[in-house]
Amino acid sequence: MVVTGCFGMDSTEQTYQHRSFSIKLWPPSQSTRLMLVERMTKNLTTPSIFSRKYGLLSREEAEEDAKKIEETVFTMANQHFEKEPDGDGSSAVQIYAKESSKLMLEVLKRGPRMKEDGESIDGKVTVTADTVFDISGGRRAFIDGEEAAELLKPLREPNSYTKICFSNRSFGLDAACVAEPILSSIKHQLTEVDLSDFIAGRPEAEALEVMTIFSSVLEGCALKSLNLSNNAMGEKGVRAFGSLLSSQTNLEELYLMNDGISEEAAKAVCELIPSTEKLRVLHFHNNMTGDAGAIAIAGILKRSSAMEDFRCSSTRVGSDGGIALAEALGTCTHLRKLDLRDNMFGVEAGVALGKVIPAFADLTEIYLSYLNLEDEGAEAIAIALKESAPSLEILEISGNDISAKGAASLAACIASKQFLTKLNLSENELKDEGAILISKALEEGHGQLNEVDLSTNAIRRSGARLLAQAVVRKAGFKLLNIDANFISDEGIDELKNIFKNCPHMLGPLDENDPEGEDNDVDDETEEDGADHDELESKLKGLNIKQDS
């Protein structure tokens, strides 16, 4: 296995290399840097020959390491670039990639750190108040039958455990066979089962057999909560858990995140679960569900009138699926948290969602970023929210191509939400006109507001100043992020003066472009787009390859 940067010339670069202007590859945008962190995190949590030898990192630890690596290599590459200001930045990009790969390899060979909070410092078992049995602490690693027998020994003794967590340990067939009779002896008392990430790195045939064993032995448990996330199940895996799923009539929480839930798998879930009348939490994050799969999930929602927390983010759902989900959500009148981020809903699905939002009187958090809503979809949602959800605390609707036109309805909605704690409208096209409307909406009240993000909105000095003045005196306010805008140098000085008594409340302005232009279609804009696309395409190549 080798770790490589995989940087190469792509079609974008070939297209632009004959242009007369000079392409600048450095520095990368904040979104590109975040993309690299996410890519490294994924690589660090992917089973490999290193993880077999040194252990597999948890998502949390991998993300922390990835952020540190990116910050380190960015500093190194930037220092190199500053020594060659007339270059195109390609050498800095090469350093950025090469050093990222090098440091990532060091982390893989180091393996996961042991916990230092005393909760599970020996990597064995955590017991909380005699009701929770948790073996997820310590190294993320494969366990065999002998280790399983040792880890599960407390379950053989008289106990009152109602929750078991086998996450972060990869069970092979021998370990599953050890667990089977032990679980059989306590299944009658279990109400919560967490089997997330418990077959990592196993061959498909073995993984399916392990899931079938656990499903059969736990069949008939009167569970309130079931977590099967991070198991790359697909339809085969869902059906391997068929005995367990089909025996659940009292489920209140179901987690199927990052499970490879395709259209067929989503249909299988809908088919297998007999009753969702008591279901309060349903999370489908990071799957490949698509429109047809979303329509199947909508069938579950229609039978889940008690739903309070629904998450279907990053699931490749388009307009048809978005409309189906929106219409089905109309039955979920107790909804408190809704997360539909990072899908391809489009305007029509946004309008459909606006029609059902008035039913959500208890809504406190709504996440609608990166849904291609545009002004029409965003306006429909904002108008509906204005007249409902009086206790809304979090509103995220970034990356939706919302202009000043859509900002008017958003501002009216925001003005009515006096319990708002977090507002994220980043990566839109609000410009000064929209920013001024939002700032006016925030001026009065909003005593609980602590974070506002309007970064990447082509905002200039006037809009930035009014936003700063609107939030600076609010008690408990923590962060105003207006980076990656077009604020003049004089405007930056003005902002720093406004926050002179509380500089920590003003976010970094490293990506602000004081000479920035609006996104008119001209050569300069095309050049900027070429720079970003080329750098991002190169960074997409950063991965881990396993030699055969």
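**Questions on surface, charges and rings**

Biologist: At 27% relative accessibility, does Glu 308 count as buried, partly exposed or exposed?
Modeller: The model is predicted. Buried means under 20% relative accessible area and exposed means over 50%. Glu 308 has 27% relative accessibility, so Glu 308 counts as partly exposed.

Biologist: Which side chain meets that of Glu 308 in a salt bridge?
Modeller: A salt bridge requires a side-chain nitrogen of Lys or Arg within 4 Å of a carboxyl oxygen of Asp or Glu. For Glu 308, the N to O distance is 3.8 Å, and the side chain that meets it belongs to Arg 280.

Biologist: How many residues apart are Arg 280 and Glu 308?
Modeller: The side chains of Arg 280 and Glu 308 meet in a salt bridge. The pair links distant parts of the chain, with Arg 280 in the loop between α12 and β10 (281-283) and Glu 308 in the loop between α13 (290-302) and β11 (309-311). Arg 280 has a relative accessible area of 24% and is therefore partly exposed.

Biologist: In which helix do both Lys 267 and Glu 263 lie?
Modeller: The side chains of Lys 267 and Glu 263 form a salt bridge of 3.0 Å, N to O. Lys 267 is partly exposed at 42% relative accessibility, and Glu 263 is partly exposed at 28%. The two residues are four residues apart, about one turn of the helix, and both lie in helix α12.

Biologist: What is the N to O distance in the salt bridge of Lys 68 and Glu 64?
Modeller: Lys 68 and Glu 64 both belong to helix α4 (residues 59-83), where they are four residues apart, about one turn of the helix. Lys 68, with a relative accessible area of 42%, is partly exposed, as is Glu 64 at 38%. Their side chains meet with an N to O distance of 3.3 Å.

Biologist: How many salt bridges does the structure hold?
Modeller: Some salt bridges are linked in a network that joins Arg 311, Asp 339, Arg 341, Glu 396 and Lys 422. For the structure, the number of salt bridges is 26.

Biologist: What is the relative accessible area of Glu 376?
Modeller: Glu 376 is found in helix α16 (residues 374-386). Glu 376 gathers with Asp 320, Glu 348, Glu 374, Asp 401 and Glu 429 in a patch of negative charge on the surface. Exposed means over 50% relative accessible area, and Glu 376 is exposed because its value is 52%.

Biologist: Is the aromatic pair of Phe 171 and Phe 198 stacked, tilted or edge-to-face?
Modeller: A search of the whole structure finds nine aromatic pairs. In the pair of Phe 171 and Phe 198, the rings are 6.1 Å apart, centre to centre, with 50° between the planes. Planes under 30 degrees apart count as stacked and those over 60 as edge-to-face, so the pair of Phe 171 and Phe 198 is tilted.

Biologist: How many residues apart in sequence are the parts that the pair of Phe 171 and Phe 198 ties together?
Modeller: Phe 171 is buried, with a relative accessible area of 0%, and Phe 198 is likewise buried at 0%. Phe 171 lies in strand β6 (residues 169-171), whereas Phe 198 lies in the loop between β7 (192-194) and α9 (204-218). The separation of these parts in sequence is therefore 27 residues.

Biologist: Near what value is phi of Asn 168?
Modeller: Asn 168 is found in the loop between β5 (163-165) and β6. With a relative accessible area of 9%, Asn 168 is buried. Its phi is positive, in a residue other than glycine, and is near 75°.

Biologist: About what phi does Asn 258 have?
Modeller: Asn 258 is located in the loop between β9 (253-255) and α12 (263-272). Asn 258 is partly exposed, with a relative accessible area of 36%. Although Asn 258 is not a glycine, its phi is positive, at about 50°.

Key. Residues numbered from 1 in each chain as written. Predicted model: local features only at pLDDT ≥ 70, side-chain atom pairs only at ≥ 80, totals over all residues. Heavy atoms only, no water. Patch = residues over 30% accessible without salt bridge, like charges linked within 9 Å, V, L, I, M, F, W, Y side chains within 5 Å. Areas by Shrake-Rupley, 256 points an atom, 1.4 Å probe, with all protein chains shown as cover. Lys, Arg positive; Asp, Glu negative; His and termini not counted. Charge placed at Lys NZ, Arg CZ, Asp CG, Glu CD. Buried < 20%, exposed > 50% of the residue type's maximum accessible area, 1.4 Å probe, protein only. Phe/Tyr/Trp six-rings, centres within 6.5 Å; stacked < 30°, edge-to-face > 60°.
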